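Subject: Structure handover and notes

Hello,

Here is the structure for you to take over. My notes on it come below the structure.

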Amino acid sequence: LDISQAMLEVAESIDAGDVLKGDMGQGFRFRGGSFDGAISISALQWLLLPDEAQREPEERLLAFFTSLSRCLRSGSRAVLQLYPEDAEHMDQVVAVAKRCGLFGGVVVDFPNSSKAKKFFVVLQRQSADKDLAQAIFDLRELQEQRLGKSYSKRTGMSRRQRMEVMRASGAVGGKKRRDTKKLAVLKKKLGAHKRRAGRT
């Protein structure tokens, strides 16, 4: 996965496997639990800067880590090498990852070298679906705020009700956690909320 077409062509030239063009700061839509691990090299630091669409770092990091957490199997690990500008940036990365059910810390290679020093965030996906659901919810709220919209006002649903819909629909935990019966009930409630919101 890379945002640069030139880098993808390099990967194809050395037969590095399947390639996909995309912006990790917008997340990715792999099926839940698809991967046993993930590696990123010198990419994560770019999420600490606003992009052309004025998405702030918190939104970009949440988009990346929620999708990463969702597509990793429970117990899987991710190693992300980056070049942070300062300790505050590193703390922000680790804090957002933790919000998404990814726990771990920072490893520094060649800590005493000014040229060879490298920072790695080493994470493990734990069974923290509640954390992931909350992080997805936070991401959607940030997106709504950036677009100048309010999902809650449009639907009349509370935060708790939206979280219930997300869990029942399988937005967290993959296909196996889909609760069809509960989802039907919640969709019926959502329809009633929308009708009431339309009358006001």
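The notes go from the whole chain to the sheet, then to single residues and the aromatic pairs.

This is a predicted model, in which local features need pLDDT of at least 70 and side-chain atom pairs count only at pLDDT 80 or more, while totals for chains, interfaces and linings use all residues. Residues are numbered from 1 along each chain as its sequence is written, and side-chain values use heavy atoms, with hydrogens and water left out.

Whole chain

The chain has 7 helices and 4 strands; these are DSSP runs numbered from the N terminus, with helices being H or I of at least four residues and strands E of at least two. Read from the N terminus, the order is α-β-α-β-α-β-β-α-α-α-α. Of the 200 residues, 37% count as buried. Buried means under 20% relative accessible area, exposed means over 50%, and partly exposed lies in between (1.4 Å probe, protein chains only). For contacts (heavy atoms within 4.5 Å) between residues at least 6 apart in sequence, 63% join residues at least 24 apart.

The 4 strands make an open sheet with mixed pairing, in the order β1-β2-β4-β3. Two strands pair if DSSP finds at least two bridges between them. β1 (35-41) and β3 (102-109) are at the edges with a single partner strand each, so one side of each has no neighbour in the sheet. On average, neighbouring strands are turned by 15 degrees against each other, direction ignored. β1 and β2 (residues 72-82) run parallel and are joined by 6 bridges. In this pairing, glycine 37 is opposite arginine 77 of β2.

Helix α2 (residues 57-71) packs on the sheet and touches β1, β2, β3 and β4 (118-125); its direction makes about 140 degrees with that of β2. Axes are lines fitted to C-alpha atoms, for helices over the stretch in contact, and angles run from 0 to 180 degrees between N-to-C directions. Of the 15 residues of α2, 13 are buried, so the helix is mostly covered. Its 15 residues should span 21 Å at 1.5 Å a residue, and the end C-alpha atoms are 21 Å apart, which agrees. The expected span is 1.5 Å times one less than the number of residues.

Single residues

Which residues other than glycine have a positive phi? Serine 42 is one, with phi near 50 degrees; serine 42 sits in the loop between β1 and α2 and is partly exposed at 30% relative accessible area. Phenylalanine 110 also has phi near 50 degrees, and its place is the loop between β3 and β4. Most residues other than glycine have a negative phi.

Arginine 125 belongs to strand β4 and is buried, with a relative accessible area of 6%. Beyond residues up to four places away in sequence, arginine 125 touches a set of residues including Ser69, Arg73, Gly101 and Leu132.

Arginine 31, in the loop between α1 and β1, is exposed at 67%. Leaving aside neighbours within four places in sequence, arginine 31 is in contact with Arg70 and Cys71. The C-alpha atoms of arginine 31 and cysteine 71 are separated by 5.9 Å, though the residues are 40 apart along the chain.

Aromatic pairs

Rings of Phe, Tyr and Trp (its six-membered ring) pair if their centres lie within 6.5 Å; planes under 30 degrees apart count as stacked, over 60 as edge-to-face and the rest as tilted. By this rule there are 4 aromatic pairs. One of them is phenylalanine 28 with phenylalanine 30, tilted, at 5.6 Å centre to centre and 50 degrees between the planes. Phenylalanine 28 is buried at 14%, whereas phenylalanine 30 is partly exposed at 32%. Phenylalanine 28 also pairs edge-to-face with phenylalanine 64, at 6.0 Å and 75 degrees. This pair links distant parts of the chain, 36 residues apart: phenylalanine 28 is in the loop between α1 (5-13) and β1, and phenylalanine 64 is in helix α2. Phenylalanine 64 is buried, with a relative accessible area of 5%. Phe28, Phe30, Phe35, Phe64 and Phe65 form one aromatic cluster.

Regards
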